[in-house]
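Open the model in your viewer and keep the selection panel at hand. The stops below say what to pick next and what is there.

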Amino acid sequence: MLQQKIYNLINRDRKGMWASRIYDWYMLVIIIASIVPLMFIEDYPVFRIIEIITVIAFIIDYVFLYLFTEYFNIYYFISAILSFSISVIFNYIASIIWVFDVDGEKSKIKNFIVFIALSVAGLGINQVIMWYGVEVISLYYMYVKLIATIIVMIFNFITRKIFLE
């Protein structure tokens, strides 16, 4: 059943299927967004680290969302909170170690509080998008999660760059 849904989504022969159009545009944006950091990879090696951390955090979030919802029968909205929280913990540790030049004058506790506050804001954005996409537009929750992830990743990177460095 899931395979049929995926096939219907990516099948170009189905004219008028708006979910397929959203998928096509989403893939186009992801491809372009993936190419841009590669243009600067030699000048800015931090992009390679950010790319790796982002991909791992996304996989953690996406896999746990699916596992919690499909295997543990947890309501998708709660699963999204749990999976997001797990990926935030990973992202915090990885970002502090490898990405951001955290201000040494600020205490680690203050940095952690700022990180958590920004993550809670990101979680709020994630949950609004999940609710709207699933409950209002009636999209499959895993598709909505892809859209939410892009928006929250951009929000997280910009706000963490501003407040943690």
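## Whole chain

Of the contacts (heavy atoms within 4.5 Å) in the protein chain between residues at least 6 apart in sequence, 68% join residues at least 24 apart. This is a predicted model, where local features need pLDDT of at least 70, side-chain atom pairs count only at pLDDT 80 or more, and totals for chains, interfaces and linings use all residues. Residues are numbered from 1 along each chain as its sequence is written, and side-chain values use heavy atoms, with hydrogens and water left out.

Colour by secondary structure. The protein chain has six helices and zero strands, in the order α-α-α-α-α-α from the N terminus. Helices (H or I, at least four residues) and strands (E, at least two) are DSSP runs, numbered from the N terminus.

Accessible areas come from the Shrake-Rupley method with a 1.4 Å probe; for residues, only the protein chains shown count as cover. Of the 165 residues, 35% are buried. Buried means under 20% relative accessible area, exposed over 50%, and partly exposed in between (1.4 Å probe, protein chains only).

## Stop 1: the nonpolar patch

Select Ile49, Ile89, Ile93, Ile97 and Trp98. They make a nonpolar surface patch of about 510 Å². Patches are made of residues with over 30% relative accessible area and no salt bridge; like charges are joined within 9 Å, nonpolar side chains (Val, Leu, Ile, Met, Phe, Trp, Tyr) within 5 Å. A salt bridge is a side-chain nitrogen of Lys or Arg within 4 Å of a carboxyl oxygen of Asp or Glu.

Which helix gives the largest share of the nonpolar patch? Helix 4 (residues 76–99) does, with four residues. Ile49 sits in helix 3 (residues 46–71). Ile49 counts as partly exposed because its relative accessibility is 32%.

## Stop 2: the cores

Select Leu65, Met130, Tyr141 and Val144. These have the most contacts inside the largest nonpolar core, which has 13 residues. Helix 4, helix 5 (108–136) and helix 6 (141–164) each supply at least two residues of this core. Helix 6 gives the largest share, five residues. A nonpolar core is a set of buried Ala, Val, Leu, Ile, Met, Phe, Trp, Tyr and Cys residues joined through side-chain atoms within 4.5 Å.

Centre on Tyr141. Beyond its neighbours within four places in sequence, Tyr141 contacts Leu65, Tyr66, Thr69, Glu70, Tyr76, Met130 and Val134. Then pick Phe84, Val88, Tyr92 and Phe115, which are included in a second, separate core of six residues.

## Stop 3

Go to Lys145 in helix 6. Is Lys145 buried or exposed? Lys145 is buried, because its relative accessible area is 1%. Leaving out neighbours within four places in sequence, its contacts are Asp61, Tyr62, Leu65, Phe84, Asn126 and Met130.

Next, Ser79 in helix 4. Ser79 is buried, because its relative accessibility is 0%. Not counting residues up to four places away in sequence, Ser79 touches Leu65, Phe68, Thr69 and Ile74.

## Stop 4: two loops

Most residues other than glycine have a negative phi. Select Asn73, in the loop between helix 3 and helix 4. Asn73 has a positive phi of about 55°. Asn73 is exposed, with a relative accessible area of 66%.

Finish at Ser138, in the loop between helix 5 and helix 6. Ser138 has a positive phi of about 65°. Ser138 counts as exposed at 56% relative accessibility.
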